[in-house]
Amino acid sequence: MTESAFVSSDVIRSDFSAAMSAMYRDEVPAYGTLIGLVAKVNAAALAADPGLKARLEATDSLERISEERHGAIRLGTAAELAMMRRVFAVMGMSPVGYYDLSTAGVPVHSTAFRPVGAASLRRNPFRVFTSLLRLDLIPDAALREEAAKVLATRRIFTDGAIALVEKAERNGGLNAADAGRFVNEVLETFRWHDKAIVSAELYERLHDAHRLVADVVSFKGPHINHLTPRTLDIDKVQVLMPEESIAPKAVVEGPPTRRCPILLRQTSFKALDEPVSFLGKSGEWKPGSHTARFGEIEQRGVALTPKGRALYDKLLNNARDRVTPAADGSNAGAYEAALAEVFKGFPDDWNGIRAAGLGYFSYSLTEKGQSATGHQADLETAIAQGLIQFDPIIYEDFLPVSAAGIFQSNLGDDAAKEFVASPNQRMFERDLGAPVLDEFAHYSEIERASLQTCGSVLDRHLAAE
Ligand code: OOG
Ligand code: NI
């Protein structure tokens with residue numbers, strides 16, 4: 001008997017994200033409410049703008065518009081991270097980018113596992129923002145050691161999951177039956193466990209060091225802590241959340257509302273207090289509670305070049321210097337006003353963004369360009385003559401300042417601690433067992449490849465600007 005054909009990693013990822021969504025809705029009913037709200041707002045946005053609907057029909061799969069775009073987990077050890085990389089590889093997800101959150105008072109560094117390449121992203125863009133706890137940033141040596149000891153005892157992957165990863169690596173893929181088993185086995189790693197693996201007393205000490213340390217160390221596995229569908233109108237969902245009895249975080253993270261969206265805007269509802277129990281001295285369970293899980297929404301715009309990103313960072317800092325958003329939302333209006341005012345310094349038309357070298361664009365021949373013969377020009381002339389058109393390349397990654405804001409509002413807003421900024425990408429990549437993909441190099445390559453498809457009208461010498 002021959003093995004049947006391999007299932008594409010895109011299909012495994014889609015099945016996995018659907019399974020995860022179902023599990024999370026079941027575990028966190030408020031998340032189901034959020035999904036319902038997002039679907040409603042998306043439908044209204046599409047009905048109000050037929051142009052938007054036509055564009056989305058051409059570029060995305062409209063029926064999947066409200067599906068999850070990302071989730072997040074927090075891991076405890078290098079071995080967990082390395083194995084997670086192999087698990088995600090089976091689903092066609094590679095580590096992209098390095099995020100140092102220590103600067104923002106969160107003792108982790110992170111990457112995003114995500115599909116790379118237009119076809120895979122279109123099929124299903126699901127990403128997992130994956131953080132690794134940095135015990136080295138916890139000053140109390142004894143506590144550090146205790147935490148490491150607890151982490152060393154846990155096994156976050158099932159034997160079945162490990163066996164199927166090894167099989168996929170050995171054979172180069174999984175058949176349909178194995179892929180189905182793989183999804184079920186891997187789902188176990190992301191499941192919530194309401195029985196802690198530490199005592200209430202140790203939990204308290206971990207919690208005092210940093211709430212995130214308690215979240216990572218105290219449980220059997222790295223429960224998925226949020227999922228994030230895409231919304232077509234993030235401001236609307238933010239406003240409507242309270243009507244559905246879910247409490248939004250104080251402000252939307254990222255750039256302000258704009259005509260030409262840039263990077264990534266995100267907001268979430270605050271993490272819920274959930275009942276858990278801790279190990280008692282004589283094996284009994286003691287009731288307690290833990291706050292970790294929430295729901296988030298996102299809206300994406302054009303990927304920025306290093307120059308565009310530097311401008312974004314500068315403007316965001318300016319806005320935050322003017323008004324630091326308070327956790328209770330009391331100055332949310334003032335913050336939004338400052339943000340909008342400061343971001344007048346960022347061009348808000350596609351050609352302006354492109355011409356200033358602030359964003360990445362995908363170039364293609366217009367109909368006129370396709371039938372043009374023998375005529376070659378430089379890029380700007382070809383655009384002006386209507387031979388070449390350009391579309392924004394969507395940002396598929398994350399933003400450290402926004403991520404810190406999301407972490408903070410969901411760990412309790414007093415969670416920020418002072419850590420010495422210590423990005424350590426080399427240590428992260430060593431623990432991961434692979435380098436992370438440089439996001440800027442990646443977008444730049446997509447842009448370059450698109451220019452190559454316009455070769456028939458571009459003067460070669462002039463094109464190589
Ligand atoms: C991850 C927070 C980062 C985002 O959307 O920026 C994130 C976490 O809380 O574990 O998911
Ligand atoms: Ni998120």
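C454 is buried, at a relative accessible area of 0%. C260 counts as buried too, at 6%. Buried here means under 20% relative accessible area, with a 1.4 Å probe and protein chains only. The structure holds 0 disulfides, a disulfide being a pair of cysteine sulfur atoms within 2.5 Å.

A word on the source. This is a predicted model, where local features need pLDDT of at least 70 and side-chain atom pairs count only at pLDDT 80 or more. Residues are numbered from 1 along each chain, and ligands from 1 in the order in which they are written.

Now the metal. What coordinates the nickel ion (ligand 2)? H70 (NE2), H226 (NE2) and E296 (OE) do, at 2.0 to 2.1 Å. Donors are N, O and S atoms within 2.8 Å of the metal, or 3.2 Å for Na, K and Ca. H70 lies in strand β1 and H226 in strand β6, 156 residues apart. Strands are DSSP runs of E, at least two residues; helices are runs of H or I, at least four. Both H70 and H226 are buried.

Next, the sheet. Three strands form an open sheet, in the order β5-β8-β9, with mixed pairing. Strands pair if DSSP finds at least two bridges between them. The edge strands are β5 (195-199) and β9 (285-291). The twist averages 45° from one strand to the next. β5 and β8 run parallel, joined by 2 bridges. Helix α9 (residues 200-209) packs on this sheet and touches β5, β8 and β9. Contact means heavy atoms within 4.5 Å. The direction of α9 makes about 85° with that of β5. Angles run from 0 to 180 degrees between N-to-C directions, with axes fitted to C-alpha atoms, for helices over the stretch in contact.

Technical notes:
Side-chain values use heavy atoms; hydrogens and water are left out. Buried means under 20% relative accessible area, exposed over 50%, partly exposed in between (1.4 Å probe, protein chains only).
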